[in-house]
Amino acid sequence: MTRSRAVDFVGFSYRKGKSYVQRTTDRVRQSGPGVQGRPDVLVFRRYADVSVVARDPAFVVKDAGWFDAHLPGWRQSAGMRLFGTHMLFHNGASHQRLRRAMAPAFSPARLRSLREVVRTVTEQRLALLAEQPSGAVVDLHALLTAPVTRSTGCALVGLPEEDGPRVHELVQPLLALLDPGIGLLTLTRADRAANALRPCLDALVAERRARPKDDLASFAAASLDDDEAASALSLGLAGGFDTTLTLLDYAISGLLTSPARAAVASGEDTAVNTAINEALRLSAPIGLITRIARHEVTVGSVRVPAGQEVMAWICDANRDPEQFPEPGSFEPQRPASRPLSFGGGPHYCLGAQLAKLEASLVLPAVLRRFPRMTPAGPMRPNDRINVRGWTELPVTLAP
């Protein structure tokens, strides 16, 4: 039997053992401010250190130049050509140019339009759920949260709503590219998905160049070339689908047994916003980031030399007991919490406000429609390390 070679686009090789849910705050408490995951990778887990790595301009992301130098042949991968070249893999002026091209899709005017999409689809899905008999056990992930985020993601990008299930399925292998230490099987699946998705994105970009609308595809088509536009749309779909889906699933699960449930169901702004913030803290959609030090810099008490690769674990920083009292508890009324779930600095998540908007509409609506709904079992996590989330949210319905 031959062993598959680890292909490391994001970080260092990492064996998938315990799920991220099983990693406790003890790891943060017991680790030093910077610990070696491999001789050439420096790992940070504490909130203060991860915050510096995310925000300090001394740290840059791995870009095409880094890949060319360290992973020759990466351009032969269709998955990497599509999903490894969007703005999250750019620095400086090129990152700013790509971000500017996407930014109008997240403007206040666009968010107002997308609000109506979220509201409409949420009400439609809740009406279908209300047809279930009282006491029915259903998968809220499949019947509510995934359909809402798929419809919103398609509206954001400019795809027809009916394309959502297929496109969402094709995006999943691309997201696995963000895991550290991926194998050849993961790369092969990503290449296959990219080859299936790219014609759909190219056709949409061509259509929007001819007949522009008010969506991400039109904004990308107006200022980016074909490859850049397709890559931008792949990022928009990934963010529009999975990061928000993780937030919704975790928030609903936590609120079902929380004293804050009634306040969130009432739609009280402070209760809703703090619950969203707490769900983001404990279930950061992105578990880790990797950076390269542009020049020598000190993080906490650790000297980071120029050119050093670092990995910063957002999921651990958000559970740092020095920053968050009782960090493992879901406390929707936790005051003044500032999780790092959307990153920081120039790479702060462009879609953060859209994700929070969706949650602010979905959470009160579902809790109000089913005030006696209860958990029907544990959520089932996906098998990714970085872009984390769930594949099932079983609940027992009760009006």
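**Note on helix packing, cavities and selected residues**

1. Helix 10 (residues 216-223) has Leu216, Ala217, Ser218, Ala220 and Ala221 buried. Buried means under 20% relative accessible area, exposed means over 50%, and partly exposed lies in between, with a 1.4 Å probe and protein chains only. The cover over these buried residues includes helix 5 (92-102), helix 7 (140-157), helix 9 (184-210) and helix 11. Helices (H or I, at least four residues) and strands (E, at least two) are DSSP runs, numbered from the N terminus.

2. A word on the basis. This is a predicted model, in which local features need pLDDT of at least 70 and side-chain atom pairs count only at pLDDT 80 or more, while totals for chains, interfaces and linings use all residues. Residues are numbered from 1 along each chain as its sequence is written, and side-chain values use heavy atoms, with hydrogens and water left out.

3. Look next at helix 11 (residues 226-255) and helix 15 (residues 352-369). Their axes come within 10 Å and cross at roughly 35 degrees. Axes are lines fitted to C-alpha atoms, for helices over the stretch in contact, and angles run from 0 to 180 degrees between N-to-C directions.

4. Which residues of helix 11 and helix 15 make the contact? Helix 11 supplies Gly240, Thr244, Leu247, Leu248, Ala251, Ile252 and Leu255. Helix 15 answers with Ala355, Glu358, Ala359, Val362, Leu363, Val366 and Leu367. Contact means heavy atoms within 4.5 Å. By class, 11 of these residues are nonpolar, two polar and one charged. Ala, Val, Leu, Ile, Met, Phe, Trp, Tyr, Cys and Pro count as nonpolar, Asp, Glu, Lys and Arg as charged, and the others, Gly among them, as polar.

5. Thr152 belongs to helix 7. Thr152 counts as buried because its relative accessibility is 1%. Setting aside residues up to four places away in sequence, Thr152 touches Leu114, Val117, Val118, Leu354 and Glu358.

6. Phe106 sits in the loop between helix 5 and helix 6 (108-130). Is Phe106 buried or exposed? Phe106 is buried, because its relative accessible area is 14%. Not counting residues up to four places away in sequence, Phe106 touches Leu111, Leu156, Leu350, Gly351 and Leu354. Phe106 and Leu354 are 248 residues apart along the chain, yet their C-alpha atoms are separated by 7.3 Å.

7. On a 1 Å grid over the protein atoms alone, a cavity is a set of points where a 1.4 Å probe fits but cannot get out; a pocket is an open set with protein on both sides within 12 Å along at least five of seven lines; lining residues have an atom within 4 Å of a point. Grid points are joined across faces, edges and corners, and a volume is the space filled by probe spheres set on the points.

8. The largest cavity has a volume of about 770 Å³. Its lining has 43 residues, and Leu88, Leu178, Leu235, Ile286 and His347 lie nearest the centre. Helix 5, helix 11, strand 7 (288-293) and helix 15 each give two or more residues to this lining. Helix 11 provides the largest share, seven residues. The classes are 26 nonpolar, 13 polar and four charged.

9. The second largest cavity holds about 40 Å³. Val53, Ala54, Asp56, Pro57, Phe59, Arg291, Gly344, Pro346 and His347 line it. Five of these are nonpolar, two polar and two charged.

10. The second largest pocket holds about 310 Å³. Among its 19 lining residues, Arg81, Thr85, Asp227, Glu228 and Ser231 lie nearest the centre. Helix 4 (78-83), helix 5 and helix 11 each contribute two or more residues. Helix 11 gives the most, with four. The lining divides into nine nonpolar, five polar and five charged residues.

11. Two loop residues close the list. Gln308 lies in the loop between strand 9 (302-304) and strand 10 (309-313). Gln308 counts as buried, at 14% relative accessibility. Beyond its neighbours within four places in sequence, Gln308 contacts Asp40, Val41, Leu42, Arg291, Ile292 and Ala293. Glu326 is in the loop between helix 14 (314-317) and helix 15. Glu326 counts as exposed, at 57% relative accessibility. Phi of Glu326 is near 45 degrees, a positive value in a residue other than glycine. Most residues other than glycine have a negative phi.
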